[in-house]
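Thanks for coming. Please look at the model on the screen while I go through a few places in it.

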Protein chains: 2
Amino acid sequence: MDPRLRNLDFAFNPRSIAFVGATESMRKWGFLILNNLLTGGYAGEVYPVNPGRETILGLKAYPRVSDIPGEVDLAVFTVPARQVMDALQDCARKGVKACLVITAGFKELGSEGEALEKEMVRRAREAGMVLIGPNCQGICCPTNDLFPWMPILFHPPRGRLGYVSQSGNILNMLIGNAVVSGLGVSKAVSSGNEADLRTVDYYSYLGEDPETEVIVSYVEGLQDGRDFVCRSREVTARKPIVVLKGGRTSSGISAAKSHTGAMAVSGDLFEAACRQAGIIVTHTIEECSLTAAAFVNRPLPRGKRVGIVTGGGGLGVIASDFCTEIGLEVASLSPRTLEKLEKMLPDWWVPGNPVDLVAGLDFSVIKPVIETIMTSGEVDAVLFLWIGAPRLKNAGVKGRRGMDLSAIWKTMDQYFLEHLSELYDLMHQLQVPLYIATTLPVDEASEADGCRPLVFTSVEPACRAVSAMAEYYHFLENNS
Amino acid sequence: MDPRLRNLDFAFNPRSIAFVGATESMRKWGFLILNNLLTGGYAGEVYPVNPGRETILGLKAYPRVSDIPGEVDLAVFTVPARQVMDALQDCARKGVKACLVITAGFKELGSEGEALEKEMVRRAREAGMVLIGPNCQGICCPTNDLFPWMPILFHPPRGRLGYVSQSGNILNMLIGNAVVSGLGVSKAVSSGNEADLRTVDYYSYLGEDPETEVIVSYVEGLQDGRDFVCRSREVTARKPIVVLKGGRTSSGISAAKSHTGAMAVSGDLFEAACRQAGIIVTHTIEECSLTAAAFVNRPLPRGKRVGIVTGGGGLGVIASDFCTEIGLEVASLSPRTLEKLEKMLPDWWVPGNPVDLVAGLDFSVIKPVIETIMTSGEVDAVLFLWIGAPRLKNAGVKGRRGMDLSAIWKTMDQYFLEHLSELYDLMHQLQVPLYIATTLPVDEASEADGCRPLVFTSVEPACRAVSAMAEYYHFLENNS
């Protein structure tokens with residue numbers, strides 16, 4: 001890794017931050033982002049920089065960065081583009097290590113902006129600073145309660161997913177999908193125009209970050225395809241990279257041009273490059289978010305044979321179809337395994353895979369069934385699907401008669417939560433990955449750390465995750 | 001429509017219900033379903049039938065249906081299979097109009113069960129009764145607070161979506177997805193083994209049901225393909241049918257066989273038949289739920305040209321790609337239209353479609369922008385994408401400094417909600433369908449009636465809905 005990239009440590013774990021463009025005007029980014037930073041709980045020093053004010057949001061303000069008494073690790077810029085250069089010079093003199101340039105109005109606006117952008121990068125590199133952006137929405141690092149970014153009051157919990165995105169908007173959606181599923185973020189960066197640091201630089205950095213287990217990335221364009229493949233491959237040898245590509249079609253590419261001014265590469269070329277680099281390519285926002293999240297704290301399937309355990313016949317049909325359609329194999333269980341299962345399940349159970357748990361939600365049956373399938377040597381992954389009606393807000397007893405069943409309901413939820421961890425223990429012990437999809441509420445058990453294995457809420461995303469993880473295993477096998 | 005099907009009115013709007021197999025044993029279906037019925041608020045008479053009890057859940061119980069003093073419109077069966085025949089005879093004598101046989105253990109268990117099933121149907125038809133099931137999870141009709149079905153405390157609101165499903169499990173998921181999006185149900189039926197009434201019978205019935213605007217259906221097998229196509233086509237001429245097929249692959253078909261014992265048809269054959277019949281075929285549970293829901297209270301696109309209005313560049317890229325990939329066309333806006341838009345948007349707006357609302361969430365801009373695109377004659381549908389970070393439970397002010405931004409947030413939500421209906425008014429006035437995707441909370445505005453147009457939470461399902469609705473328009477045009 002380029003040693004200059006180590007300066008990103010000062011961006012994600014700064015002892016102090018200068019905020020160039022701090023303001024109390026509530027509609028300005030200089031307020032919104034500063035406020036996100038302050039309300040996020042960041043414990044280091046924050047120095048608002050604004051020549052027109054004595055204090056901002058209760059903090060002493062400074063006319064210039066060089067007026068700040070203490071050291072400054074990170075400088076955040078929200079001033080207009082024409083003022084950035086001057087402040088950046090000042091940061092260089094001050095010995096700032098990392099600059100986060102939120103400001104737009106550079107390359108994406110044409111040649112004048114491009115020239116300004118180049119000059120800015122030249123100066124930053126000369127001073128040994130790294131530069132994030134410009135034209136981005138910021139970064140976050142929940143471990144340090146660090147949220148110098150745009151999305152209002154969006155403070156995701158810490159976790160194992162690291163994000164690099166060429167769109168702030170898509171970044172928020174990707175993180176959002178993982179977070180509502182109970183997972184968390186190690187570090188996230190909106191890379192903007194990538195004037196200095198590029199997507200692959202962040203991959204390299206997150207590749208060596210012990211807090212990041214999986215890298216999730218939205219990419220519109222690449223400045224150097226060969227460099228991207230080559231350096232991504234060094235990362236994928238250690239941890240997975242899951243990518244969503246924007247600009248896969250001519251109309252997408254044309255939209256990307258007016259968005260980040262990115263030199264878009266065609267979808268097919270990009271996918272080929274990714275395959276070479278062991279990068280997992282996804283095609284929708286949901287698929288990207290959940291596939292990446294599926295890697296967290298879960299062993300890899302060593303092949304494509306899937307055992308399916310369901311709480312309903314229709315679920316087994318849908319899962320079998322979808323697995324087959326995306327190239328997985330619904331495992332043929334041997335007579336020996338089926339015989340073992342037959343002893344655990346009621347008389348009217350029809351032997352086969354999917355295994356329909358006709359007996360209901362009884363973990364004294366479910367656990368040995370799953371264990372038997374895992375230890376059979378006949379599957380590479382197990383899907384456990386227990387999905388039904390969701391919990392409705394208006395649920396409850398409306399009628400004039402009858403008992404209150406909400407107690408049964410609560411008991412069922414608790415029962416499920418209590419046994420969930422046993423199933424995961426089984427997975428880690430036997431090293432056969434388990435993918436659970438359920439509408440029973442699991443977030444209570446998981447909110448705490450953002451590091452437990454993802455629980456899915458529907459069938460198809462779980463199947464896609466198995467497929468992607470099996471492919472990654474295959475890549476590692478063939479490239480080690 | 002077969003006049004006997006009119007008896008389904010007695011199933012969905014019964015004046016009184018006999019519950020054969022009522023019990024207070026809390027783990028039995030005879031309790032769970034009865035309790036759902038009672039707690040659902042049903043206002044008609046409910047007569048528990050159980051020869052061993054004086055009362056059940058506070059209601060007077062009767063030894064046999066023929067002992068019930070008043071008239072009985074609907075009989076629900078949860079007694080074991082071998083007892084159904086006798087009770088059914090009794091219902092016939094009593095003049096019951098509709099039988100809902102929840103009980104399993106018929107055709108799906110082999111030839112003995114099949115013979116029993118045939119005899120049961122013969123007797124029901126002889127008596128002019130319709131028979132729903134057997135081996136099903138029940139029905140619902142929220143308008144009448146009628147929930148004689150399995151899913152515990154699942155009382156969806158009334159709405160315009162009618163459901164027919166060969167799996168109870170999938171039925172709950174399909175309804176669940178619509179309901180959490182704020183939509184509601186007209187009538188739903190889990191059709192089970194379809195011994196008497198088949199999927200297409202319910203299509204015919206719902207086709208004439210004024211409360212049902214769209215039919216949503218999960219199908220594993222068909223007993224008579226020609227009849228299915230022919231009669232479905234009569235329905236699709238009036239209202240859309242959106243189908244999810246289980247058993248599209250050999251492994252799915254094999255799973256379906258042990259599930260409902262259905263004579264599964266191959267996926268390709270089925271899709272061809274559906275195309276002929278104007279039925280919309282979908283491939284995932286989410287796609288099926290949301291595509292169907294998209295039809296509610298929304299005009300059809302008269303073609304495939306899409307205008308995209310976004311609150312972020314990346315969203316426009318993703319939407320352009322996905323539209324193109326599924327056969328939609330990102331509309332080319334004329335210089336005249338772009339000129340009009342240029343006057344409404346800031347200087348730094350880059351003219352084109354997608355239209356990136358660089359100005360932020362300002363409806364005094366958004367509304368004329370959307371109106372200009374709708375009236376241009378250059379688009380057949382408009383996507384309005386305003387998606388960002390979701391609302392997190394842990395959101396709020398954590399830090400030691402800074403203002404509380406949650407007020408801004410609430411104001412933004414209210415602002416959005418207030419203007420949503422204006423946009424829908426525009427849609428209905430101009431008859432150009434509008435598809436909104438947003439993470440801003442809209443359920444408060446919609447909980448009430450379950451009949452307002454669906455608001456999406458992600459890009460891709462919205463694009464799929466445009467495509468499906470445009471195809472349905474095309475079908476209607478070519479078959480009128």
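Which residues in H12(A) meet which residues in H13(A)? A:Thr337, A:Lys340, A:Leu341 and A:Met344 of H12(A) meet A:Val365, A:Pro368, A:Val369 and A:Thr372 of H13(A). Meeting here is contact, that is, C-beta atoms, placed from the backbone, within 7 Å.

Before going on, the bookkeeping. This is a predicted model, where local features need pLDDT of at least 70 and side-chain atom pairs count only at pLDDT 80 or more, while totals for chains, interfaces and linings use all residues. Residues are numbered from 1 along each chain as its sequence is written, and chains are lettered from A and ligands numbered from 1 in the order in which they are written. Helices (H or I, at least four residues) and strands (E, at least two) are DSSP runs, numbered from the N terminus.

Back to that pair. H12 covers residues 335–344 of chain A and H13 covers residues 363–375 of chain A; their axes are 10 Å apart, at an angle of about 175°. Axes are lines fitted to C-alpha atoms, for helices over the stretch in contact, with angles from 0 to 180 degrees between N-to-C directions. H12(A) and H13(A) are therefore roughly antiparallel, a label for angles over 145 degrees.

Next, the loops. A:Gly278 sits in the loop between helix H9 (267–277) and strand S13 (280–282) of chain A. Buried or exposed? A:Gly278 counts as buried because 21 C-beta neighbours lie inside 10 Å; the cut-off for buried is 20 or more other C-beta atoms within 10 Å, exposed is 12 or fewer, and partly exposed is in between, with C-beta atoms placed from the backbone. A:Gly278 and A:Leu476 are 198 residues apart in sequence, yet 7.9 Å apart in space, C-alpha to C-alpha. Leaving out residues up to four places away in sequence, A:Gly278 touches A:Arg233, A:Thr236, A:Tyr472, A:Phe475 and A:Asn479.

A:Asn297 is in the loop between helix H10 (285–295) and strand S14 (305–310) of chain A. Its phi is positive, about 55°, although A:Asn297 is not a glycine. With 18 other C-beta atoms within 10 Å, A:Asn297 is partly exposed.

There is also a cis peptide bond between A:Gly133 and A:Pro134, with omega about -5°. A:Pro134 is in the loop between strand S7 (130–132) and strand S8 (139–140) of chain A. In chain B, a cis peptide bond joins B:Gly133 and B:Pro134, with omega about -5°.

Technical notes. Angles under 35 degrees count as roughly parallel, over 145 as roughly antiparallel, 65 to 115 as roughly perpendicular and the rest as oblique. Two residues are in contact if their C-beta atoms, placed from the backbone, lie within 7 Å.
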